[in-house]
Amino acid sequence: MREEIVDLILKRLDLDTDKIAADFAADKGVRARFSAIDNLLPDDLAHRITAAFPKPDEMRLMKTFREWKHTSKSLDKFEPLISDITFAFQDERVVSKVAELTGIKDAVGDPHLYAGGLSAMCKGHFLNPHIDNSHDGDQKNYRVLNLLYYITPDWNAGNGGSLELWDENVTKPIEIVSLFNRLVLMSTNDKSWHSVNQVKADGIRRCVSNYYFSPHSPNRYETSHVTYFMARPEQKLRRIVTKLDSDVRTALRKVKKGGFAKKDLFEGDVK
C-alpha cells in the first residue's frame, strides 16, 4: 500500500507544481514559508487512514504548561496503513519532489522519526508558540521543513486546533485550519514561531507529522537550539516562566549536545 500512497502523493504534487512552489515562496508576513495542499489523497483512502488512526488512549500523553496532546511513534503497534502513510513522506521520491517545490538543498528524510510521528488532540488540548529544535538527533543536519498531514473529517476553524504561524515577535498569527486531507509544508528556522490553538470541539484532531533535514542552515549562519517555547501574547506570566524554562534547557544542551533525555525513535522496519 505504501507504494500506492507514494504514487498518489507524487501525482497530487505534480498536478500543482508551479502553484505550490509559488505559494510556498511568497512572503506572507511571517518567518515560516508555507503552503497548504488540499485533497492530497483520494477521499476514500483518506477516510481509511482516519479509521485506522490509533485512539488517544493508545498513545502517549504529553501534558505540561507548554503543550497538551497525545503522541506516538510506535507505528508497528497499529494497522499497517498508519505506517504506510507516515513513511510514504520519507520515500526518496517524495523527499526529492518536496525539496524541488520548497527549494531545499540536499534534503534528507527522517526515517527513524526523531522529530515526526502521530498526534491526537482532544478538547482543551493545545501547543503553545515555539520554534523547533534546530538539528536532528545526531546534531549533524539542520531541521528545515515540517510536513503536517491532517486527517479528521469535517474539521473546521470553529473546532480550534488550527496551526498558527507567528511574526518574529510572536504578537499576531496567521491561522491555517487543520482541514481533512490537507498537507501543510512549513519551513523551519530560528524565527519560525508556530503553535496550535486550543481545541474547542469534542472531536479528535489527528495529524501525521514528518520532517526533513539538510546540512545547510536555513538561517544562513550556524545556530543550535532546543525546542524553544513562548507563551501566547495574553499569557504574560507564562511567557516569563516559559522563557526561563527554554533558556535553561538551551544551556543544558550546550553542556551535552545530545541532550539528557532518552531519544524517542521509531525502532520498527522502515522498509
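Biologist: Which hand does the crossing of α3 and α4 have, left or right?

Modeller: The crossing of α3 and α4 is left-handed. A crossing gets that name if the near helix is turned anticlockwise from the far one by less than a right angle, and right-handed if clockwise. Before we go on: this is a predicted model, where local features need pLDDT of at least 70, side-chain atom pairs count only at pLDDT 80 or more, and totals for chains, interfaces and linings use all residues. Residues are numbered from 1 along each chain as its sequence is written, and side-chain values use heavy atoms, with hydrogens and water left out.

Biologist: Why is α3 called oblique to α4?

Modeller: Helix α3 (residues 43–52) and helix α4 (residues 80–88) have axes that cross at roughly 120° and come within 8 Å. Angles under 35 degrees count as roughly parallel, over 145 as roughly antiparallel, 65 to 115 as roughly perpendicular and the rest as oblique. So α3 is oblique to α4. The axes are lines fitted to C-alpha atoms, for helices over the stretch in contact, and angles run from 0 to 180 degrees between N-to-C directions. As for the names, helices (H or I, at least four residues) and strands (E, at least two) are DSSP runs, numbered from the N terminus.

Biologist: What makes the contact between α3 and α4?

Modeller: L45, R48, I49 and A52 of α3 meet L81, I82 and I85 of α4, where contact means heavy atoms within 4.5 Å. By class that is 6 nonpolar, no polar and 1 charged residues. Ala, Val, Leu, Ile, Met, Phe, Trp, Tyr, Cys and Pro count as nonpolar, Asp, Glu, Lys and Arg as charged, and the others, Gly among them, as polar.

Biologist: Why is α1 called oblique to α4?

Modeller: The axes of helix α1 (residues 2–15) and α4 come within 9 Å and cross at roughly 40°. That value makes α1 oblique to α4. The crossing of α1 with α4 is right-handed. On the α1 side, R2, I5, V6 and I9 make the contact, and on the α4 side L81, S83, D84, I85, F87 and A88.

Biologist: What makes α2 and α5 oblique to each other?

Modeller: α2 and helix α5 (residues 92–102) pack at an angle of about 55°, with axes 8 Å apart, and they are therefore oblique to each other. T17, I20, A21 and F24 in α2 meet K97, E100, L101 and T102 in α5.

Biologist: How many cavities of 30 Å³ or more are there, and what makes something a cavity?

Modeller: There is 1 cavity of 30 Å³ or more. On a 1 Å grid over the protein atoms alone, a cavity is a set of points where a 1.4 Å probe fits but cannot get out, and a pocket is an open set with protein on both sides within 12 Å along at least five of seven lines; lining residues have an atom within 4 Å of a point. The largest cavity has a volume of about 60 Å³, and its lining includes D132, Y142 and H225.

Conventions: Points joined across faces, edges and corners; volume = space filled by probe spheres on them.
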